[in-house]
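Subject: Structure handover

Dear colleague,

Here is the structure you are taking over. My notes on it follow below.

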Amino acid sequence: MERVIVTESLTKIYKSGKRRTEAVRDLSLEIKRGEVFGFIGPNGAGKSTTIKMLLSILYPTSGKAWVFGVDIRSPDARKRVGYLPENPRFYDYLSGEEFLRFAGMLAGLSGSRLEKKVESLLKYVGIYDARKRKLRKYSKGMIQRIGLAQALMGDPDLIILDEPTSGLDPLGRKLTLDLIRSLRSRGKTVFFSTHILKDVEEVADRVGILFKGRLLKVFSLDEERQRENDYQIEIENAGIDLFIAAEKLAELMEKDEKRVTFLVREDNLFEFLEAVRDKGGRIITLTRKKRNLEEIFLETIGEG
Amino acid sequence: MRSIIAIFGGTLKEGVRSKLFWGILVFALLLFLSTMVVSELSFAEKEKIIADLGLSLISAFGLIAAVILGTDLIYRDIQNGTVQIILARPVKRWKYVAGKYLGLMAIIGVNLLLLSLMLLFVLLIYVGKPCIYLLRSLYTIFLELSLIASIGVFFSTFSTSQLLSSLVTLGLFIIGHSLDILRMSAGKSGKFLGFLLKSLAVIFPDLDFYDIKIKVIHGLPLESSYYGEILLYTLGYVIFILFLASLIMERREFR
């Protein structure tokens, strides 16, 4: 599958006098076509810095990156990209319609194609009725909608959204998440950063956890959800025979002198329990393991 | 090219919708009307007085617009983060600078055109004839403002204070009109200082070169090659200054 974003050891160090701040360190990542990738991390983790490097708004201190196979240093890398920054501020003296026309021209549209696109996007994000109103009179939610519309100008294949749901009311948040889902259904790639984990759980296919500038973990949400059906089983009297039998059925989590804890997938549960019985082990506890993204996130940054 | 047109159009709209633009027009109209009163108090020829005062006012208001808008347009885009939305598109940074500058020149052009029409109208009413010959002076005023505006744009690409940029641009305007003093001082100064002053006199644009107001009003002769030469002189400076501004933008990062 086509690789839409590739980064290799991308690093950004801010220098201010003698002070050096490592905003992003050795970030290597691949995003494939059609993915919705949630980029999560606490404030100051380096999410926006990474996004801005991909768009050449900031320049990497070292490392390389490509968007659609084009080096990010070339403006051509941004030909098929739409971007919504965090807390966007647009030209407030323009009306919604005028601003979208401006964004469309920057995206290379003109004439009737541009006019049609402006109209359809205004309808798509639900602010067609406010199209003649100046942006300075728009509410925060409306600004975010016009921001989404301008990001979609030119029908980009990659949409990069920086904290798209931050500060939105429930309706605005739902609209944004629905829009991300609809983009995925149209085969678009979405790369979005957020610190709202619930949003990621709702729409992302894969997740990257960034903490203090380091990418600690990248995982598929589907696989993690599979792991929700794992069982944590604590056993006494586990002899060597049981260990041999469990090797293919379970994952060893903890071991002390008396007790052993295994992590067992649901598919292997009955086979494992039979093995425990046959090999003379005694089950002390059996717990269904259900981890949500918050737990994974906290566990990951705890290790990081 | 489309991106330059988009940025040009956006900038022009910003300018003509700004309070500064309309403020200048209203204030200038009031002052033009007051020149008629002044001319009544004078024994000199009324046409020359109104024309002299009118051109000086146009020049001053044009300068205010060029300095304030020139130092503000890119600076504000950077402060507001709007520049990031533009640069996230496949837009080359020099095109952004060019679009902004051309938009600014259109604002100044429209402003100058309206002020000129006001002046010519006042003269037509008061003197009873169209003083078209003043267009020659308005042409050099426009070129001088183009140069000043490019300096303002240059500072706005890296300055962290619009006030400071405006003051420095105004300072350069004053120096540009005082190069004769620099050259004279160079002759009287020591070797090093003399060299420094001479160099400054070469580097800075000679803005007195644009001042043909007295000659135009009094019908004094000007070489026919002057109008072409001053156009090339201005273009050379503006392109060089915008080239430097683009280089700075190219290196700049936006956090």
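**The mixed sheet and its helices**

Helix 4 (residues 140-151) of chain A lies across strand 6 and strand 7 (158-162) of chain A, and runs at about 165 degrees to strand 6 of chain A. Helices (H or I, at least four residues) and strands (E, at least two) are DSSP runs, numbered from the N terminus. Angles run from 0 to 180 degrees between N-to-C directions, with axes taken as lines fitted to C-alpha atoms, for helices over the stretch in contact. Contact means heavy atoms within 4.5 Å.

Helix 5 (residues 170-185) of chain A also packs on the sheet, where it touches strand 3, strand 7 and strand 8 (189-194) of chain A. The direction of helix 5 makes about 155 degrees with that of strand 8 of chain A.

Before the rest, the conventions. This is a predicted model, in which local features need pLDDT of at least 70 and side-chain atom pairs count only at pLDDT 80 or more, while totals for chains, interfaces and linings use all residues. Residues are numbered from 1 along each chain as its sequence is written, chains are lettered from A and ligands numbered from 1 in the order in which they are written, and side-chain values use heavy atoms, with hydrogens and water left out.

The sheet in question is open and has 6 strands in the order 6-7-8-3-9-10 (chain A), with mixed pairing. Two strands pair if DSSP finds at least two bridges between them. Strand 6 and strand 10 (214-220) of chain A are the edge strands, and each pairs on one side only. From one strand to the next the twist averages 15 degrees. Strand 3 (residues 36-40) and strand 9 (residues 206-211) of chain A run parallel and are joined by 4 bridges. Phe39(A) stands opposite Gly208(A) of strand 9.

**The antiparallel sheet**

A sheet of 4 strands, also open, has the order 12-13-11-14 (chain A) and antiparallel pairing. Strand 12 (250-255) and strand 14 (282-289) of chain A each have a single partner strand, so one side of each is left without a neighbour in the sheet. The twist here averages 25 degrees from one strand to the next. Helix 9 (residues 269-278) of chain A packs on this sheet and touches strand 11, strand 12, strand 13 (259-264) and strand 14 of chain A. The direction of helix 9 makes about 0 degrees with that of strand 11 of chain A. Strand 11 (residues 230-236) is joined to strand 14 of chain A by 7 bridges, and Tyr231(A) stands opposite Arg288(A) in strand 14.

**The hairpin of strands 1 and 2**

Strand 1 (residues 3-16) and strand 2 (residues 19-32) of chain A run antiparallel, with 10 bridges between them. Arg3(A) has Lys32(A) in strand 2 as its bridge partner. The hairpin has 2 residues between the strands, and Gly17(A) takes a positive phi near 65 degrees in it.

**Individual residues**

Asp26(A), in strand 2 of chain A, has a positive phi near 45 degrees although it is not a glycine.

Ser56(A) is another residue other than glycine with a positive phi, near 60 degrees. Ser56(A) sits in the loop between helix 1 (47-54) and strand 4 (62-67) of chain A, and counts as buried because its relative accessibility is 7%.

Asp92(A) lies in the loop between strand 6 (81-84) and helix 2 (96-106) of chain A. Asp92(A) is partly exposed at 36%. Leaving out residues up to four places away in sequence, Asp92(A) touches Lys134(A), Leu135(A) and Arg136(A). Asp92(A) and Arg133(A) are 41 residues apart in sequence and 9.9 Å apart in space, C-alpha to C-alpha.

**Chain A as a whole**

Chain A has 10 helices and 14 strands. Its C-alpha atoms fill a box of roughly 80 × 50 × 35 Å along the principal axes. Of the 304 residues in chain A, 48% are buried. Among contacts in chain A with a separation of 6 or more, 68% are between residues 24 or more positions apart.

Regards

Key:
Buried < 20%, exposed > 50% of the residue type's maximum accessible area, 1.4 Å probe, protein only.
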